[in-house]
Amino acid sequence: MDLSDYFYLGSITRSHGTDGSVWIALDVDDPSLYASLKTIWITLNDTLIPFSLEHIKIVNDNALAKFEKVNEPSDAELLLDCDAYLPLDQLPKLQGKAFYYHE
């Protein structure tokens, strides 16, 4: 997977609770557009790894995410400070002369 085929969604900032949930600081214009995500790609050891979501909840400019197979706080701790990405084809459509910051 080539990183140029993805856009930066945000960074995992901290764990939450005892079920392995994490907070993601979103770096997007409209966080509500990402409330129905099914998969997020995370950089681990300079490799993009897809993580399936059990659920995601948008809270202001952050997302509380629970990944499948991440069930312990110790598992979530391994993801802290990792960057989250989505494929470019999941970018919301723009209107008029608007452009994405990464362009």
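Is Asp-81 buried or exposed? In this predicted model, Asp-81 counts as exposed, because its relative accessibility is 64%; exposed denotes over 50% relative accessible area, buried under 20% and partly exposed the range in between, with a 1.4 Å probe and protein chains only. The residue is placed in the loop between helix H1 (73–77) and E6, and its phi is near 70°, a positive value in a residue other than glycine. A further case is Asn-60, with phi near 60°, likewise positive and likewise in a residue other than glycine. Asn-60 belongs to the loop between strand E4 (47–59) and E5, and its relative accessibility of 68% is the reason why it counts as exposed.

Residue numbers start from 1 along each chain as its sequence is written, and side-chain values rest on heavy atoms, with hydrogens and water left out. As the model is predicted, local features need pLDDT of at least 70 and side-chain atom pairs count only at pLDDT 80 or more, whereas totals for chains, interfaces and linings use all residues.

The protein chain contains one helix and six strands, where helices (H or I, at least four residues) and strands (E, at least two) are DSSP runs numbered from the N terminus. Along the sequence these elements follow the pattern β-β-β-β-β-α-β. Of the 103 residues in the protein chain, 37% are buried. Contacts are defined by heavy atoms within 4.5 Å. Among contacts between residues at least 6 apart in sequence, 60% join residues at least 24 apart.

The six strands close into a barrel in the order E1-E2-E5-E4-E3-E6, with antiparallel pairing. Neighbouring strands of this sheet are turned by 45° against each other on average, direction ignored; the axes are lines fitted to C-alpha atoms, for helices over the stretch in contact, and angles run from 0 to 180 degrees between N-to-C directions. Two strands are taken to pair if DSSP finds at least two bridges between them.

Strand E1 (residues 6–16) pairs with strand E2 (residues 21–26) in the antiparallel sense over six bridges. Within this pairing, Ile-12 stands opposite Ile-24 in E2, and Arg-14 stands opposite Trp-23. The two strands form a hairpin with four residues between them, and Gly-17 in the turn has a positive phi of about 70°.

E1 is also joined to E6, by five bridges in an antiparallel arrangement. Here Phe-7 stands opposite Leu-86 in E6, while Ser-11 faces Asp-83 as its opposite residue. E6 is mostly covered, four of its five residues being buried.

Aromatic pairs were assigned to rings of Phe, Tyr and Trp (its six-membered ring) with centres within 6.5 Å; planes under 30 degrees apart count as stacked, over 60 as edge-to-face and the rest as tilted. By this rule the count is four aromatic pairs. One of them is formed by Tyr-8 and Tyr-85, an edge-to-face pair with 5.7 Å centre to centre and 70° between the planes. Because Tyr-8 lies in strand E1 and Tyr-85 in strand E6 (residues 83–87), the pair ties together parts that are 77 residues apart in sequence. Tyr-8 counts as partly exposed, at 31% relative accessibility, whereas Tyr-85 counts as buried, at 11%.

Attention then turns to a lysine in strand E5 (residues 62–67), namely Lys-66. Lys-66 counts as buried because its relative accessibility is 3%. Residues up to four places away in sequence not being counted, Lys-66 touches Asp-19, Gly-20, Ser-21, Ser-52, Leu-53, Glu-54, His-55 and Asn-71. A polar atom of the Lys-66 side chain lies 3.4 Å from the backbone oxygen of Asp-19. For polar contacts, the criterion is a pair of N or O atoms within 3.5 Å; within protein, one must be able to donate a hydrogen and the other to accept it, and residues adjacent in sequence count only if both atoms are side-chain atoms.
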